[in-house]
Amino acid sequence: MTDTLLPAAPQPLEKEDDGYFRKGCNPLAQTGRSKLQNQRAALNQQILKAVRMRTGAENLLKAATNQKVREQVRLELSFLNSDLQMLKEELEGLNISVGVYQSTEEAFTIPLIPLGLKETKDVDFSVVLKDFILEHYSEDSYLYEDEIADLMDLRQACRTPSRDEAGVELLMSYFIQLGFVESRFFPPTRQMGILFTWYDSLTGVPVSQQNLLLEKASILFNIGALYTQIGTRCNRQTEAGLQSAVDAFQRAAGVLNYLKETFTHTPSYDMSPAMLSVLVKMMLAQAQESTFEKICLSGIQNEFFMLVKVAQEAAKVGEVCRQLHTAMNQEPVKENIPYSWASLACVKAHHYEALAHYFTATLLIDHRLKPGTDEDHQEKCLSQLYDHMPEGMTPLATLKNVHQRQQLGKSHLCRAVTHHEESVREASLCKKLRNIEVLQEVLSAAHQRSRLKYTQLREDCDLLNLIDVPDIISKTEREVEIIPPQFSKVTVTDFFQKLGPLSVFSANKRWTPPRSIHFAAEEGDLGFTLRGNSPVQVHFLDPYCSAAVAGTKEGDYIVSIQDVDCKWLTVSEVIKLLKSFGQNDIEMKVVSLLDATSSMHSKCATYSVGMQKTYSMICLAIDDDDKTDKTKKISKKLSFLSWSTNKNRQKSASTLCLPSVGVRVAGPPVKKKLPSPFSLLTSDSSLY
């Protein structure tokens, strides 16, 4: 996965027509979804204004000592709280505006609940990032104006993502890009002064922080919300559409669950662990509901074993909806979850439990044992339909006794009618649900079907002979599951890769300004070895060579040679570049880590999507031999790399190290050399 996120070398960024990055939808487009989102944005501003006024009134109430003034402030507070409550109810109405997000195909199905996207304010990265580039990396910040503009354009596009996989990829690209930005520009020990403001998706209350984690968490929430909108948009009249809906809701649950486990201290209530747990349950319940619809899509055959299967599938949906309704009514979620969502969960729980009893009644009433019927199979299925049979009944005896089957079937029908009536009643208690016509039609049709079947079989003595039937055991052939977000499938190029490899040039390391070193290779000998891999480090420096005299130190990183950027070059490429200058003077720029303990190239960078910090530094142990070598007395030995013919050298020879391949380029023999510690060393490799 790391290979797809961290480039091995800087690549030229493509233009927009080459897939540089996708733009969002036109924010001025007058589609139903854009109008709804614009209404949410306007409501957020009104809620922000009301919250500020209420805060001011509360502060005045605390400071005022005059009783008359306090009474007036209390009256004003009551008006402001009422206004906030009305705005919250209006936002709740937008949250249940399921018709806008549903498929355009005519469908006689219960609507599904999508999540609205979180709104945000504009953010200007330019000033802060330019200052940091100049201060921390000692580079001309104006060289990065295009990259900063690209970052801001990408963020702006993420405010209006398209409702498809391209929109999801856009949001994921920005989320991964934020990991690069955090590592390069946001030190863990200081605030950068960029204020991120996001509005709560459920309450509209704004949250502002200088922490980039709020930005990353909000983008994750919007990825999950976009998946829910994709799921509700699928055509539920086709098998492929229902499968896409199941997949979208499972992925939404995966993103929201990842958000809950990774960002545990988000200040926005819609991203609190308690609320996210409920939202995950809601997505899985809707995935299970779509699975049931997929089973019933081709029609339900009036056949014993098929009815057993459908009854248990319906019971499974009813069970998860019941659990969802219970979770929605727990503190502290109950105060801020939309009332219409909790009502719809209760309606669905009763509706699908009624269907489970209706299908069970149908298999008992319409099917009788006939010669050649597999009695053992039917007996096994009936026994597995309940956790216990009604008192005085056994599965096989019930199957063979027509009267018992009739009585048990009518008892199930009566139970189904009761659940249907309760679902209709719950829907009528919520103003928002009363206005959803297709919901009312589905509930009414199911209710009438159960009542009609019960009326055809009802007898005068039924009230005395009805059996207290047990619940149907829930069972499903396809258990829905959480699908974690797959960030590794999205290839992202670091906008600021010109700064150098992220494993070395990051915000949590302090650097010296680049130093210019003017030196020359004396008879083909540089006087130092190299190690590392992008960027390379000076290693085992001959203190008498011209590079050392000019100011080079062991552990220095080579960032450029003769104005050629070397931050992404490997050891072999740097060798080739140095060799091209022959005996001429060379201008080399180097930087040093201010922290002496980490001066050697012994770190690697790994991107981890399972960690709260998207960038982690893994320190590798420094070889004990490296430490002891520095304490040895400097001596001379034969050079491993020579660019000249056999000559007597006035100064000590040096070697140029090749990286971890065990290959050396040897020069001609030298007549008399002093002992030298410069030997061929294997280099630590970096994971890029």
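**A walk through the model, starting at a pocket**

Let's begin with the largest pocket, which has a volume of about 510 Å³. A pocket here is an open set of points on a 1 Å grid over the protein atoms alone, where a 1.4 Å probe fits, with protein on both sides within 12 Å along at least five of seven lines. The volume is the space filled by probe spheres set on those points, joined across faces, edges and corners.

This is a predicted model, where local features need pLDDT of at least 70 and side-chain atom pairs pLDDT 80 or more, while totals for chains, interfaces and linings use all residues. Residues are numbered from 1 along each chain as its sequence is written, and side-chain values use heavy atoms, leaving out hydrogens and water.

So who lines the pocket? Lining residues have an atom within 4 Å of a point, and there are 19 of them, with F108, T109, F292, L355 and V442 nearest the centre. Helices α10 (273-296), α12 (339-366) and α17 (437-457) each give two or more residues to this lining.

Now step back. The protein has 21 helices and 10 strands, taken as DSSP runs numbered from the N terminus (helices H or I, at least four residues; strands E, at least two). Of its 688 residues, 53% count as buried, meaning under 20% relative accessible area with a 1.4 Å probe, protein chains only.

Finally, look at helix α9 (residues 239-262): 17 of its 24 residues are buried, so α9 is largely enclosed by the rest of the structure. At 1.5 Å times one less than its number of residues, α9 should span 34 Å, and its end C-alpha atoms are 34 Å apart, which agrees.

Technical notes:
Buried < 20%, exposed > 50% of the residue type's maximum accessible area, 1.4 Å probe, protein only.
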